[in-house]
Amino acid sequence: MPSPVDKPTRILAPNSEGIAEAARILRDGGLVAFATETVYGLGADATSPEAVARIYAAKGRPAFNPLIAHVTGLEAARREGRFSNIAEKLAKTFWPGPLTLVVPVAEGGSVCELARAGLASVALRAPDHAIARAMLAAAGRPIAAPSANLSGRVSPVTAAHVLEDLAGRVDAVLDAGPTSVGLESTIVACLAGPPVLLRPGGVSREKIEALVGSLSTPVAGKVEAPGMLASHYAPRARLRLDARELRQGEAGLDFAGRFGASSGAAVLDLSARGDLVEAASRLYFCLRELDATGAEAIAVAPIPADNIGEAIRDRLARAAAPRDGK
Ligand code: TXA
Ligand code: MG
């Protein structure tokens, strides 16, 4: 595996020069972290196995884990994957946006096997972010990008978060400020049979089901997102979920003011007005802030499971899962 970059990471501005430079680095096989509307991605040329190998090296990610290939839209996506009627409908409705579609690889598709982890399917997404879209258009090829964090750590929603994990390990960060959605895309597999929800995310299950009918859940050993390791998105502190009160020594991740006035404890409210979209956009930011206080445990107030709450609860459950060797 090639070694990660090992030189200072350049910060590129979200203007035409920055975009052109990011695209040049990507075409040369380098690594560029860039903002999307969900989280920052760690991008490389998806058609180049050498470039994709650098992503795995920089993240310390198990190489069996396939990556999402980012494209400008459905036209580019059709060159890479075969779209069923349902997949077409989903792409036409939710792209550009926080939805990833896993479809069978198209004959002559350019996304390399390493990016697909050898699977006969490919994950495709057209992000809804002007700077990312301009960069993708300038690169002129699909860009593979997992979230721009070290494997197993909380996903980055600002350029500063990217640098905390990856400074010196990527060529550049295209800094377009904080992301708007704040957690990852929804992943739906459209392979043989009915569509399967592989990961809840930025587009709610309700919206997708209103369009294409009910989504199945993954059958173990059949279609699954191999990256959905139980422990993922993990802060250092232990999480206590659905907490109704704060205990001694805990920091608090609140929702809709449940914990009340705190007695000197570090408490951040995901959304004081109980808005799930606002809560999603603040989730990783708040987890990082509370983790940085050095508290051993973070009590998390109950989050409703409807709409994007399903994705928030999914990420919290993973962050709370026991970790190997810890
Ligand atoms: O919002 C997002 O989706 C962000 C931004 C950067 O686009 N990306 C992201 O990528 O979250 P990552 O690598 O952290 O998560 C991608 C997930 C993994 O769980 C992976 O296993 C799954 O997508 N995946 C990729 N290709 C797949 C395939 N062919 N079949 C099933 N799952 C796949
Ligand atoms: Mg990730």
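Predicted model: local features only at pLDDT ≥ 70, side-chain atom pairs only at ≥ 80, totals over all residues.
Two residues are said to be in contact when heavy atoms of theirs lie within 4.5 Å. Leaving aside residues up to four places away in sequence, alanine 33 touches Gly41, Leu42, Gly43, Ala148, Val162, Ala172, Val173 and Leu174. Alanine 33 sits in strand β2, which spans residues 32-34. With a relative accessible area of 0%, alanine 33 falls under the 20% limit and therefore counts as buried.

At the level of the whole chain, the model is divided into domain 1, residues 10-212, and domain 2, residues 238-320. The C-alpha centres of domain 1 and domain 2 lie 27 Å apart. To the contact between them, domain 1 gives 22 residues and domain 2 gives 14 residues.

Six of the six residues of β5 are buried, so the strand is mostly covered. Strands of a sheet are held in pairs by backbone hydrogen bonds, in either a parallel or an antiparallel arrangement. Both arrangements can be found around β5. With strand β9 (residues 186-189), β5 pairs in the parallel sense over four bridges, and valine 102 has alanine 189 of β9 as its bridge partner. With strand β6 (residues 121-125), β5 pairs in the antiparallel sense, again over four bridges.

Another sheet is open and has four strands, in the order β11-β14-β12-β13, with parallel pairing. Its edges are formed by β11 (238-240) and β13 (267-269), each of which pairs on one side only. On average, and with direction ignored, neighbouring strands of this sheet are turned by 20° against each other. Within the sheet, strand β12 (residues 250-254) and β13 are joined in the parallel sense by three bridges; glycine 252 has valine 267 in β13 as its bridge partner. Helix α9 (residues 276-292) packs on the sheet and touches β11, β12, β13 and β14 (297-300). The direction of α9 makes about 170° with that of β12.

Serine 155 belongs to the loop between β7 (143-144) and α7 (159-166). Its relative accessibility is 0%, and serine 155 is therefore buried. The side chain of serine 155 is joined to that of glutamate 184 by a polar contact of 2.5 Å.

Aromatic rings were also examined. A search of the whole structure finds one aromatic pair. The pair consists of phenylalanine 83 and tryptophan 95, arranged edge-to-face, with 6.1 Å from centre to centre and 75° between the planes. Phenylalanine 83 lies in the loop between α3 (74-80) and α4 (85-94), while tryptophan 95 lies in the loop between α4 and β5, so the pair links parts of the chain 12 residues apart. Are these two residues buried or exposed? Phenylalanine 83 has a relative accessible area of 14% and is buried, and tryptophan 95, at 10% relative accessibility, counts as buried too. Both values fall under 20%, which is why each residue is placed in that class.

Conventions: Residues numbered from 1 in each chain as written. Chains lettered and ligands numbered in written order. Heavy atoms only, no water. Buried < 20%, exposed > 50% of the residue type's maximum accessible area, 1.4 Å probe, protein only. Helix = DSSP H or I, 4+ residues; strand = E, 2+ residues; numbered from the N terminus. Pairing = 2+ DSSP bridges. Axes fitted to C-alpha atoms, helices over the stretch in contact; angles between N-to-C directions. Polar contact = N/O pair within 3.5 Å; in protein donor to acceptor, adjacent residues only side chain to side chain. Phe/Tyr/Trp six-rings, centres within 6.5 Å; stacked < 30°, edge-to-face > 60°. Domains from an automatic or database assignment.
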